[in-house]
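This report describes a predicted model with two protein chains. The sequence and structure come first, and the text follows them.

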Amino acid sequence: MTRSVSDETSSRQLDAQTETSTPVRLPAQHLAELVSQTCARYTRQHAFTAVLPNGMFGNLSFTQVAELSDQVAVYLREGLGLAAGDRIAVQLPNSLSYPLWAFGTLKAGCVLVNMNPLYTAPEMVHQLNDSGARVLVIVDLFADKLPAVLAQSKVEHVVLVRITDLFPALIGFIAYNVMKYWNRIIPPCSVAVTSGIEALARGATLMRERNVDPATYTAGLGPSTLAALQYTGGTTGVSKGAMLSHGNLLANVAQIEDRVAGSVQHGKETALAVLPLYHIFAFTANLLYFFHAGARNILVASPRPLSNLQRAFENYPISWVPGVNTLFNGLLNEEWFRDYPPPQLKGSIAGGTALHTAVAERWQEVTGTPVVEGYGLTESSPVVTLNPSAGYRTGSIGQPVIGTQVRLLDPLGDPVGSGEAGELAVQGPQVMLGYWQQPTETTKVLRDGWLLTGDIAVWDSDNFLRVVDRKKDLILVSGFNVYPNEVEDCIAKLPGVSEVAVVGIPDSRAGEQVKAYLVLKPGVSLSAEQVREHCRQSLTTYKIPRQVEFRSELPKTNVGKVLRRALRDAEKQRIHEESAVAVEGGSRG
Amino acid sequence: MVSQTEQLLLALMIGVIMLGMGASLTWRDFRRAFKRPQAILIGFASQYGFMPLIGFLLAVTLNLPPALAIGLILIASMPGGSTSNIFTYFSKGDLALSVSMTTFSTLAAFVMTPLAIFIYGSRFITSEISVGMGSVISGLVVMLIPVLIGMFIRRRNANVGAVLEMMGGILGVVIILALIALWVPRNAGLLAETSWQVYVAAIGIGAFGFLFGFIASFSARLGLRRAATISLETGIQNGPLALSIVLLSFSGPIADQIVFIPVLYSLFIVIISSIVTIFYRRMNERLEQRSVTLL
């Protein structure tokens, strides 16, 4: 950083206190322009490298990204006859095709609908129908879901993509056939589709024959135009599409750039893209920000098992790792990673869910580089706050990014007193337009331009924020608030604990009581009493888990967030069943 | 007893497979192996401490004739064979550790092998056993040069490396199966005449090696993956080196008798290693599966 930390913090504090918003300068008028400019700047450098678990790889240069995504745009507009604003559902794991279809959709002036490849057929149907997608781009690994999905949706065209598309021919051939005939993970496809490679070729032919300039497709685009429908709410209930405009996403790119400027060297970085690009965190961090910074993104399709990442770390000089707590924790538990941490690593960015202090400290100790925490939501493109890489604070989500105002509200919607915890509300250029065709849902979270996040936070000194917890995860023990994050953070420091989740479970006397679920490292044994004894050293009595359960794994979302709700539901179900048995027994007696 | 074709196949097998093995390795794998010297030391101790002893005890308890006893002690005193690297690779073990151990025990063979044979073998035979420098060195070269080439290729182009690795694996399996298929029918008569004591000795030496190597390294808290690697390294001896030593030190009918157990061992070790490898592979995959749930 060129500026000193104290200057920066004091000026930011002023921003928040006076609530004058600094205007954010957008790097381009729309995302298609951002892509074209970036590709023109870095031309023959590597933009994306997809790495398979055995080390086989394929590269795309910035120039190739420009040309091939133009072909996608022409295929969509000329080949399929789509119009600006039409929705394209892209359901791909991290692979060379993903950036082409995402950028191509934007270059066609269409709206990108990111879809999780692991979705079940009913989930796909819901999202396709809700968004009104006309085209579905899907990876061949899940082609078996197509007949059921197409029967119930209005999708007109299906493009079937292989993970190995655009790999060197022989390597792609070998890798594809190993997957098909040895691993047998590619099901046969029984519906009419266009292959990803055919679609590109068709786009190229049409561009030549009709002499089209794809730039004409984006003539009407501006910062307020809808760019993507990013579905969210999988952990809270029915899935809704957050409407993110070109301006929202561009602003977030500029906001990240402002915060990390000085530590990211344009055109010289290598960023690991192991979080799925269809998720807003990797979408903005890897696909938009690091791409824009001229970095080489290393795409890994599946981090399961984590040894899949070994070749990526060995073969490429990875300098940045955007990740989530479970990824950092998991890597620290891998011996190959601990023994030989990536030598070129500069920093890591944690988001998605709370970063445990124990994990952050060990990451610093093992890699010699910081993992800085940020905070964001799908509805805010996503970054709201981020720690500066110099002068970062462990346990804090950092300071609001430029042009962003944050307020902490009490249950009535009024700002809380200083030093008090309240619901975090955000205003800024990255806040979504609203939920797609859901005005009532929109008014629940967007009030007078403020986005209500449902997260409880508190101001630390110097304009740093700390998230205490999700509003709905709060545990109420005899009227006392217990924040699961605090208890989890404490238990995670206990040696031998691999993972931990804390939830509130119903209790007849206290209303709720604290229950901890632990996953231990192999070969470790701990008793419930040892866990409680450890907690007693740093937590007040009512925060100590009354129950401790040891498990072999915890339920998680596709990006590795622990699903506390699933644990709570299972617990309620168990209590319900037990009381049913008790009633049955009673009537018999 | 071992034909020219078989010897050629063996050399070819080792060369092609080690090229593939090398293509799966980087320098940091070796640095990691040497970060925990206790693994290499325990491997060394079980290789030259335990194995010759168990060879001697088997020879005495089974009351083997002197020529066969010498053959057993000879194979027990051998350094690790490069086949151990192949089985370690297939079992998803620590390949760099395996290669390091093979290299280390082979270099030590100049001193340790004659020493072990002197200690345990003098009861059965008085003549001197010499370990041919040439055969040891050429064995190492055949093993290490392809590894280095493989590593170099992977560094230059990971795609070519991955293809070599895959081909090495496939060819390795094919050649191992071909060797068994060639050897067994041709020696069926001989196998039928052999007494059960000889079978127990030839099979037992490898099996005890696997067992002891695993228990010793597991007790030393080296973890399951390294325990499996050291186990394979201990049980799998350098058979071809034993054959060349016999041919160098003896001649006539006595040589044929001495070489019998090393040959029988070499045949059966492939079979029991395959079984043990399947077991270890499942174990190592389960260890990997644990990390699946992390994300």
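Which residues of α12(A) are buried? In α12(A), the buried residues are N325(A), T326(A), L327(A), F328(A), N329(A), G330(A) and L331(A). A residue is called buried if 20 or more other C-beta atoms lie within 10 Å of its own, exposed if 12 or fewer do, and partly exposed in between, with C-beta atoms placed from the backbone. By this criterion α12(A) is mostly covered, with seven of its eight residues buried.

The model is predicted, and local features need pLDDT of at least 70, side-chain atom pairs count only at pLDDT 80 or more, and totals for chains, interfaces and linings use all residues. Residues are numbered from 1 along each chain as its sequence is written, while chains are lettered from A and ligands numbered from 1 in the order in which they are written.

**Interface**

Helix α12(A) also takes part in the contact between the chains: it supplies four residues, the largest share of the side of chain A that touches chain B. In total, 25 residues from chain A and 18 residues from chain B make up this contact; two residues are in contact if their C-beta atoms, placed from the backbone, lie within 7 Å. On the side of chain A that touches chain B, the elements giving two or more residues are α7 (169-182), α11 (310-315) and α12 (325-332) of chain A. Helices (H or I, at least four residues) and strands (E, at least two) are DSSP runs, numbered from the N terminus. The chain A side comprises eleven nonpolar, nine polar and five charged residues. Here Ala, Val, Leu, Ile, Met, Phe, Trp, Tyr, Cys and Pro count as nonpolar, Asp, Glu, Lys and Arg as charged, and the others, Gly among them, as polar.

**The two chains**

| Chain | Secondary structure | Radius of gyration | C-alpha extent along principal axes | Buried residues |
|---|---|---|---|---|
| Chain A, 589 residues | 18 helices, 27 strands | 24 Å | about 80 × 65 × 50 Å | 52% |
| Chain B, 295 residues | 13 helices, zero strands | 19 Å | roughly 60 × 40 × 35 Å | 51% |

The radius of gyration is taken over C-alpha atoms, and the globule rule is 2.2 Å times the number of residues to the power 0.38. For chain A the rule gives a value near 25 Å for a compact globule, with which its 24 Å agrees.

Among contacts in chain A between residues at least 6 apart in sequence, 69% join residues at least 24 apart. In chain B, residues 24 or more positions apart account for 83% of the contacts with a separation of 6 or more.

The domain assignment of chain A, whose bounds come from an automatic or database assignment, gives domain 1 (62-221) and domain 2 (474-588). The centres of these two domains, taken over C-alpha atoms, are 43 Å apart.

**The eight-stranded sheet of chain A**

An open sheet of eight strands in chain A has the order β7-β6-β5-β3-β4-β8-β9-β19, with mixed pairing. Two strands pair if DSSP finds at least two bridges between them. At the edges are β7 (194-195) and β19 (434-435) of chain A, each pairing on one side only.

Strands β3 (residues 87-91) and β4 (residues 111-114) of chain A pair in the parallel sense over four bridges. Within this pairing, R87(A) has V111(A) as its bridge partner in β4(A), and A89(A) has V113(A). From β4(A), V111(A) and V113(A) point one way and L112(A) and N114(A) the other, and all are buried.

Helix α4 (residues 97-107) of chain A packs on the sheet, where it touches β3, β4, β5 (135-139), β6 (157-161) and β8 (226-232) of chain A, and its direction makes about 170 degrees with that of β3(A). Axes are lines fitted to C-alpha atoms, for helices over the stretch in contact, and angles run from 0 to 180 degrees between N-to-C directions. Helix α9 (residues 246-260) of chain A lies across β8 and β9 (240-245) of chain A, running at about 70 degrees to β9(A).

Strand β8 of chain A contains Y231(A). Y231(A) counts as buried because it has 25 C-beta neighbours inside 10 Å. Leaving aside residues up to four places away in sequence, Y231(A) touches Q127(A), S239(A), K240(A) and G241(A).
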